[in-house]
Amino acid sequence: MQEQELTERIALIESMMQQGRKSTEYWGWNFVLWGVAYLVATAWSSLLPDAGGRQLAWPVTMLLAALLTTVIARRRMRGQPRTERSRGIKATWMAVGSGIFVFAFPVAYSGHWEVHSFMAAIEVLLGVAHIASGTMLRWPAQVAVGGLWWAAAVTSCFVSANGVGFIFLGATFVCNIAFGIYLMVRESRAKAEARAGLVQHA
């Protein structure tokens, strides 16, 4: 009896982890959105200095990305079940995102901005969110993404100022855009399999 109960509990935990991963897959579009926002802000600040440059590029792009995230998330999350684990993951990302805003803008506009430390700090925070989420879901792929952000943070401390930009862009492409597309593909496949299963049972 105890062995059967233990097996049922393990199966329940695995089911909860799988559900949590599906929830993360559901947010793949958001990783892509923020990855594109980082690229737009970087291009604007670097290539169009006369159009606001560093003073406007990041604040405008990040605030617009936050607004789009809020609007799209509210529409997509209607009727979606919420669990304690999903609330925990949401809280982690909200805390990290808010922390980046609280850190980045005062540093950038107070005169204490230094590119290596600034970018490394942001990369560390992004890594924290991924590793916390991946650990809660027991999902090695997301933990690995967090590790890549941390590797980018360490590397950013030992390269030239131009190198920091390339590292951030590379990490953004792999850890946001590529990871987001990977999540979207997984979600699309899961939906296709669910539809196929419904057809077979009909």
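Ala171 touches Trp149, Ala152 and Asn176, leaving aside residues up to four places away in sequence; contact here means heavy atoms within 4.5 Å. Ala171 is found in helix H7, where a helix is a DSSP run (H or I) of at least four residues, a strand is a run (E) of at least two, and both are numbered from the N terminus. With a relative accessible area of 9%, Ala171 is buried. For this label, buried means under 20% relative accessible area, exposed means over 50%, and partly exposed lies in between, using a 1.4 Å probe and protein chains only. Ala171 and Trp150 are 21 residues apart in sequence, and their C-alpha atoms are 9.8 Å apart in space.

The structure is a predicted model, in which local features need pLDDT of at least 70 and side-chain atom pairs count only at pLDDT 80 or more, while totals for chains, interfaces and linings use all residues. Residues are numbered from 1 along each chain as its sequence is written, and side-chain values use heavy atoms, with hydrogens and water left out.

The chain contains seven helices and zero strands, so that, read from the N terminus on, its elements run α-α-α-α-α-α-α. Of its 202 residues, 37% count as buried. Among contacts between residues at least 6 apart in sequence, 72% join residues at least 24 apart. The accessible surface of the chain comes to about 12,200 Å², and 67% of this belongs to carbon and sulfur atoms. Such areas come from the Shrake-Rupley method with a 1.4 Å probe, and for residues only the protein chains shown count as cover.

In soluble globular proteins, nonpolar side chains tend to be buried together. Tyr38 touches Trp58, Met62, Leu126, Phe168, Thr172 and Asn176, again not counting residues up to four places away in sequence.

Helix H2 covers residues 28-47. Of its 20 residues, 14 are buried, so H2 is largely enclosed by the rest of the structure. Ala43 lies in H2 and is partly exposed, with a relative accessible area of 32%. Between the C-alpha atoms of Ala43 and Ala57, which are 14 residues apart along the chain, the separation is 8.6 Å.

Buried residues in H4 are Ile89, Thr92, Val96, Ile100, Ala104, Val107 and Ala108. An α-helix has 3.6 residues a turn, so residues three or four places apart point the same way. After H4 comes Gly111, whose phi is positive, near 90°.

Trp93, also in H4, counts as partly exposed at 25% relative accessibility. Trp93 touches Phe31, Ala129, His130, Ser133 and Gln142, not counting residues up to four places away in sequence. The C-alpha atoms of Trp93 and His130 are separated by 8.5 Å, although these residues are 37 apart along the chain. His130 is found in helix H5 and is buried, with a relative accessible area of 1%. Its contacts beyond four places in sequence include Phe31, Trp93, Gln142, Trp149, Cys175 and Phe179.

Attention now turns to the outside. Arg138 sits in the loop between H5 and H6 and is exposed, with a relative accessible area of 53%. Arg138 has a positive phi of about 50° although it is not a glycine.

Conventions: The expected span of a helix is 1.5 Å times one less than its number of residues.
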